[in-house]
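Please open the structure in a viewer and keep the selection tool ready. The stops below are to be visited in order.

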Amino acid sequence: MKFKVVLLSIILLFLISSKANSQPHKNITQLAKTEQWRALLHINLQTEADELESYVDDVSFFLAIDGAKNPENELLATIASLKKRDEIQCKFPARTLFLFNNVKGLREEVKPYVCQEYLDWRSTLKTTNVVLVFASAQLNSPSSMYGHTFLRFDPDNVEQNSTYLSYALNFGATVPEGEGGFLYAARGLTGGYPGYFAANPYFEKIKEYSRLENRDLWEYKLNLTQEEINTMLAHIWELQGISFEYYFFDENCSFRLLELLDVARPGLNLAKNFPVTAMPLDTVRVVQEANLITETNYRPSILTELKAQLAMLNTEENELALALSQEIEVLNSEEFIKLNKKQQQRIVDSAYRYLRYQNTFNGRPKETTRRSFLLLRRLNENRTKLNIPIEQPHRPDLGHKTAMFGFSLGQNLDKSFAEIKYRGSYHDLLDPISGYYTGMSLNMVNAMVRVYEGGDVKLEKAELLDIISLSARNDYFSPWSWKANISVEQQWTKDKEVLVTQGSGGGGVSYQPLENSYVFLLATGRLEFNRKLDTYAAVAPGLQLGFLYYWPKTTLLVDAEHYQFLFDQTQRSRVSVEQSVGLGQNDSVRFSANFHRVESNTHDNKSFQEFKLEYRHYF
């Protein structure tokens with residue numbers, strides 16, 4: 001019996017893909033240079049030999065003093081430890097199985113060791129499939145503006161929608177409680193937070209993203225073999241409690257997951273695609289391009305489901321559902337009683353779901369909880385199956401890519417110009433909408449350089465950050481819309497264009513008078529540093545009014561903006577018309593016309609126009 005237990009332990013612990021690891025290497029030096037060994041140490045495969053360094057910042061992950069920079073010494077130290085310390089097999093099961101299959105005779109020199117804690121963990125997971133999950137973007141959370149990715153580990157019976165038995169593996173920053181704002185952004189950009197892997201039941205992630213943050217989930221099933229899954233899990237065990245520096249834009253959740261896939265299937269080299277930034281959506285695309293995805297599943301958020309259900313109601317039913325959510329006596333009203341049973345049940349169910357949604361974010365007020373209970377009792381008394389048709393949106397990974405290069409021809413201040421534009425990420429209001437949310441704009445590292453007739457070259461604008469979030473209001477929901485922008489840009493001041501530094505933002509409301517449209521009004525403010533102004537630093541309150549409309553292949557934006565500077569009474573007004581037309585997944589053209597007016601008590605007023613035709617390529 002004891003022999004069987006030991007044998008089973010060896011099989012579970014050292015199961016490995018014979019295809020990937022069957023050929024012994026001639027010597028240790030060659031073995032230390034292999035992609036899989038460096039992947040196990042999280043060493044960038046593209047770095048030169050004299051610049052090698054692991055992404056892992058935790059000394060407990062290494063057995064050699066210089067193991068973080070010297071993969072050969074770490075390999076030798078691991079072999080020596082395996083021979084002397086049996087428990088090393090439990091601390092580093094992935095390294096152990098790699099060395100057993102590549103160092104001739106090592107398996108016979110190392111005494112088999114039963115790693116019960118590891119075996120129990122593997123038995124709990126019972127993983128037969130791995131799924132990459134993408135949580136859609138959430139503009140109101142700085143760490144989630146670009147979305148988030150994590151892995152789900154499924155047992156056999158997950159096909160029967162039993163994902164409650166699945167576990168999710170997440171990599172994230174550990175942020176002290178109460179830390180936010182500028183300090184949070186600054187430390188996140190500079191690696192000021194440690195990052196750790198953490199495993200939780202998948203239903204907890206569903207609650208976090210779908211219920212609490214209203215984020216749709218996209219689930220991509222991967223074609224990893226059982227041997228590759230075993231290798232990945234063995235390495236994940238090695239990473240328990242191990243810290244990495246966390247950077248929002250490169251060494252983030254998505255980058256770490258790509259490293260795990262590189263460990264599972266040597267030769268993929270997925271992480272090498274992101275030497276500068278690793279946007280979650282782009283990493284999903286890289287996984288798709290590597291032919292790792294076999295199935296895709298869309299899991300709508302609670303808010304998406306609720307909006308789909310409310311959209312099923314006609315005007316009268318909507319009015320009754322809203323009234324019923326506020327007063328239970330509507331059940332006894334003449335307007336409600338005259339409806340047929342199916343209509344009544346649809347109204348009651350909509351009111352009940354709406355109250356549950358409100359309770360998620362507003363606590364559980366006693367009166368609201370009472371109405372919710374009475375509505376649930378009514379539903380149970382008259383049970384009918386309500387089918388809510390939810391149209392699956394276009395997959396986010398099939399939308400346009402996030403970096404952009406643009407070339408424009410135009411005229412400004414009676415001068416013709418050519419303009420070159422580069423945007424590091426990600427999407428604006430007029431970019432091709434397929435795969436993205438309407439009313440959302442998030443751009444970082446956006447630079448425009450113009451060459452005017454006569455040879456003058458100017459930096460027209462360089463944006464660090466540009467965000468617009470239009471969240472439409474209606475009878476049920478009352479979200480705020482907002483915007484923020486930080487940039488240096490050309491502004492007409494007194495008698496010439498001046499490069500100024502500015503920060504602006506604001507908040508307000510938006511509505512959808514027509515399907516696929518937004519009308520918005522924002523109260524704004526601007527802080528500008530301008531050497532041509534009398535006070536150098538100037539503050540200006542303002543207003544912005546706009547109309548945005550989406551067709552399947554084209555988008556129209558008409559907006560007007562006005563600023564009133566407080567100190568020198570300068571007024572700036574702008575009216576713009578922009579039309580974008582998609583030419584495919586990663587190409588578009590855009591026409592824009594801008595009309596400007598600058599008025600001041602200290603210099604002559606100025607009016608001018610700008611017209612521009614632009615081609616954009618997304619990559």
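The tour goes from a nonpolar core to aromatic rings and then to charges over rings.

This is a predicted model, in which local features need pLDDT of at least 70, side-chain atom pairs count only at pLDDT 80 or more, and totals for chains, interfaces and linings use all residues. Residues are numbered from 1 along each chain as its sequence is written, and side-chain values use heavy atoms, with hydrogens and water left out.

Select Leu-261 to begin. Leu-261 is among the residues that touch the most other members of the largest nonpolar core, which has 96 residues. Such a core is a set of buried Ala, Val, Leu, Ile, Met, Phe, Trp, Tyr and Cys residues joined through side-chain atoms within 4.5 Å; buried means under 20% relative accessible area, with a 1.4 Å probe and protein chains only.

Next, select Phe-197 and Phe-244. Their ring centres are 6.1 Å apart and their planes stand at 85 degrees, so the pair is edge-to-face. Rings of Phe, Tyr and Trp (its six-membered ring) pair if their centres lie within 6.5 Å; planes under 30 degrees apart count as stacked, over 60 as edge-to-face and the rest as tilted. Both Phe-197 and Phe-244 are buried.

Move on to Tyr-476 and Phe-477, a tilted pair with 6.3 Å between centres and 45 degrees between planes.

Finally, select Arg-473 and Trp-480. The charged end of Arg-473 sits over the Trp-480 ring, 4.2 Å from its centre; this requires NZ of Lys or CZ of Arg within 6 Å of the ring centre and within 35 degrees of the ring normal.

Methods
Buried < 20%, exposed > 50% of the residue type's maximum accessible area, 1.4 Å probe, protein only.
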